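Q: I have a model open and I'd like to learn how to read its features one by one. Could you walk me through it?

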Amino acid sequence: MSVIQIPTIESIDLMTCRVPLPQGPWGDQIHHVTDIEVAVVDVHGSNGLVGTGFSHTSGWCGKTISALISEIIPDVIGLKVSPRGLWQRSYKYVHDVGGAGVTTHALSALDIAYWDLLAKSLNVSLYDMLGKCRDKVPLYGSGINLNLSVEEVIEQVKRWKAQGYACAKVKVGKPDLEEDVMRLRKIQEAVPGFGLAVDANQGWNLPQALRAFKMFDSLNLLWIEEPLPSDDITGHKILRERTNTPIAMGENTYNLNQFAMYIEEGAADYIQADLGRVGGITGYLDIAAIARAHNIPMTPHFVFELSAQLLSTVPNVSFSEMTDGGTWSDLRIVKSAGRIENGFYIPSDKAGHGIELDREYLEAHKI
């Protein structure tokens, strides 16, 4: 019986792109986003196969992430494609310039490429290699819709329900909190019995958040996401102790230790780790394991074409986020991947992660 040889890394290509939002700017309490910047990594193995990975930012600092990737590349050339070992080596290599943030963004792109190349070398899908827990993953509809009228948001939520999504998430953060309450009540009246979560995008201080949670209490929301700045673990703990609605966090949290502190302090009920920000697949699986130990579900943020696929390998899940108009397929970053069917994501069964990027479009938007 022939033995499959794990390849070594022969070379790594790097490209940084600025992709426009086709439906216009995104906005919430603290952001105004006109582009998504993407760092794309192609790892060439000694067996002739190529693994592809990526990281992303909301419109700026993509070149900063790529600059750090270019610093890491010479240190891994010639090494065997062993994703966890490479991750630990590179994390140690860059840790002195930061244990989270730009460093974990850079590691994400490389790590996703390593796992893709390893699965291709074994001629299996990523989810089969990692160990599939389910064939399909439930999705929830998510809207970047604070700027829309309540009537427009209602139509959006109705469409998600009709398409089979598990629940809905909408933005909050109007200058008048009473307007937020009014909008949410109208949505629930128009789409009764359909679970509703909200996202505050780190826009409140602690007194504002306490007031908002109490005013939202009667709405029985699934969760309130990022009510405070993401690095304020103590504030989230106080908020969780004094209020009733579950808290979701993780979109802007970057490494295992940060998530562990949130979980151990009892400050988070849903973990929304982002594959492109937490060190890729290796980082995500570590975070999922500590969440599982505390019986907390994973509810990943963004890039559902890969996030939902990885969620098929994780026992502790709730839903994956389908950002309306903001999937990587919508943005033309991804040319083909798995498919959505009746509110579920069914991953591709191709070898590797099965995600094909739209290379021609990305080249046209290369920085």
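Predicted model: local features only at pLDDT ≥ 70, side-chain atom pairs only at ≥ 80, totals over all residues.

Q: Where does N201 lie, and is N201 buried or exposed?
A: N201 belongs to the loop between β8 and α7. Its phi is positive too, about 50°, and N201 is not a glycine. With a relative accessibility of 1%, N201 counts as buried, since buried means under 20%.

Q: Now for helix packing. How do I describe two packed helices?
A: You give the angle between their axes and the distance between the axes. Take helix α3 (residues 102-122) and helix α10 (residues 280-293): their axes come within 5 Å and cross at roughly 95°. That makes α3 roughly perpendicular to α10, because angles of 65 to 115 degrees fall in that class.

Q: Which residues of α3 and α10 meet?
A: On the α3 side, S108, D111, I112 and W115; on the α10 side, G280, I281 and T282. Sorted by class, the residues of this contact are three nonpolar, three polar and one charged.

Q: And how do the axes of α5 and α6 cross?
A: Helix α5 (residues 150-162) and helix α6 (residues 177-190) have axes that come within 10 Å and cross at roughly 40°. The two are therefore oblique to each other. As for handedness, α5 passes α6 in a right-handed crossing.

Q: What does the contact of α5 with α6 consist of, by class?
A: Let me name the residues, then the classes. V150, V153, I154, V157 and K158 in α5 meet R183, K186, I187 and A190 in α6. That gives six nonpolar, no polar and three charged residues.

Q: While we're on α5, is E155 buried, exposed or partly exposed?
A: E155 lies in helix α5, and at 48% relative accessibility E155 counts as partly exposed. If you want a sense of span, pick E155 and G283: they are 128 residues apart in sequence, and their C-alpha atoms are 37 Å apart in space.

Q: Let's turn to aromatic rings. What describes a pair of them?
A: The distance of the centres and the angle of the planes. Here the count comes to eight aromatic pairs. One of them is Y140 with F319, an edge-to-face pair with 6.3 Å centre to centre and 75° between the planes.

Q: Where in the chain do Y140 and F319 sit?
A: Y140 is in strand β6 (residues 137-142), and F319 is in the loop between α11 (304-311) and β12 (320-323). The pair links distant parts of the chain, 179 residues apart. Both Y140 and F319 are buried.

Q: What about the rings of W204 and F216?
A: Their centres are 6.3 Å apart and their planes are at 55°, so this pair is tilted. W204 is in the loop between β8 (196-199) and α7 (206-216), while F216 is in helix α7, 12 residues apart from W204. W204 counts as buried at 8% relative accessibility, and F216 counts as buried at 0%.

Q: Which residues form one aromatic cluster?
A: Y140, W223, Y270 and F319.

Q: Next, contacts around single residues. What does L310 touch, leaving out residues up to four places away in sequence?
A: L310 touches L130, L275, I281, Y284 and L285. L310 itself is found in helix α11, and at 1% relative accessibility L310 counts as buried.

Conventions: Residues numbered from 1 in each chain as written. Heavy atoms only, no water. Axes fitted to C-alpha atoms, helices over the stretch in contact; angles between N-to-C directions. Helix = DSSP H or I, 4+ residues; strand = E, 2+ residues; numbered from the N terminus. Parallel < 35°, antiparallel > 145°, perpendicular 65-115°, else oblique. Left-handed = near helix turned anticlockwise from the far one by under 90°. Contact = heavy atoms within 4.5 Å. Nonpolar A, V, L, I, M, F, W, Y, C, P; charged D, E, K, R; others polar. Phe/Tyr/Trp six-rings, centres within 6.5 Å; stacked < 30°, edge-to-face > 60°. Buried < 20%, exposed > 50% of the residue type's maximum accessible area, 1.4 Å probe, protein only.
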